[in-house]
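Colleague: Could you take me closely through the salt bridges of this model, pair by pair, and say how far each partner is open to solvent?

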Amino acid sequence: MAGPGSMAAGAGWGLGEVLLVALGAVPGAWLRFMLVNRLEPVLPHRHWGTLVVNLAACFGLGLLSALRDQGQTPAALMLLLGTGFLGSLSTFSTLAAEIESCLRCGQRREGLRLAAGSVFGGLLALASGLALG
């Protein structure tokens, strides 16, 4: 399935589109790294830094998608910000690893809170961004 701002399924990607995604991904990944490492020492649970950046990315994608639906966001901006920046700001693989770590260490409630907070909080954050857009 095509991601936000991506070309229609089956359409070819040109070098320009690939570069837009890459240019957005680098600062998104850097910001995630910086935020998670600064948030985790001040949050009550170690894994909540990842949760915070994932929720922020969901909100941003909702807002950006609402603007796209109103015709205010060109496809190139969706590739740069939606697929590149917000896609690398959020991190499903780290979330999955952190949930697994909680379960493996006997912290089942924490793992369940992290999973539920990510799914339901992510949907709420996305819906909030869509509503504000």
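Modeller: A residue is called buried when its relative accessible area is under 20%, exposed when that area is over 50%, and partly exposed in between. R68, with a relative accessible area of 33%, is therefore partly exposed, and its side chain joins that of D69 in a salt bridge with an N to O distance of 3.0 Å. D69 is itself exposed, because its relative accessibility comes to 57%. This is a predicted model, and a search of the whole structure finds 3 salt bridges in it.

Another of these bridges links the side chains of E100 and R104, again with 3.0 Å from N to O. Both residues belong to helix 4, which covers residues 92-104, and because they are 4 residues apart there, about one helical turn separates them. Of this pair, E100 is partly exposed at 39% relative accessibility, while R104 is exposed, its relative accessible area being 57%.

The remaining pair to describe is R113 and E110, whose side chains meet in a salt bridge at 2.9 Å, N to O. These two residues lie in helix 5, spanning residues 108-132, where a separation of 3 residues places them about one turn of the helix apart. R113 counts as partly exposed, with 46% relative accessibility, whereas E110 has a relative accessible area of 6% and is therefore buried, given that the limit for this class is under 20%.

Conventions:
Residues numbered from 1 in each chain as written. Predicted model: local features only at pLDDT ≥ 70, side-chain atom pairs only at ≥ 80, totals over all residues. Heavy atoms only, no water. Salt bridge = Lys/Arg side-chain N within 4 Å of Asp/Glu carboxyl O. Buried < 20%, exposed > 50% of the residue type's maximum accessible area, 1.4 Å probe, protein only.
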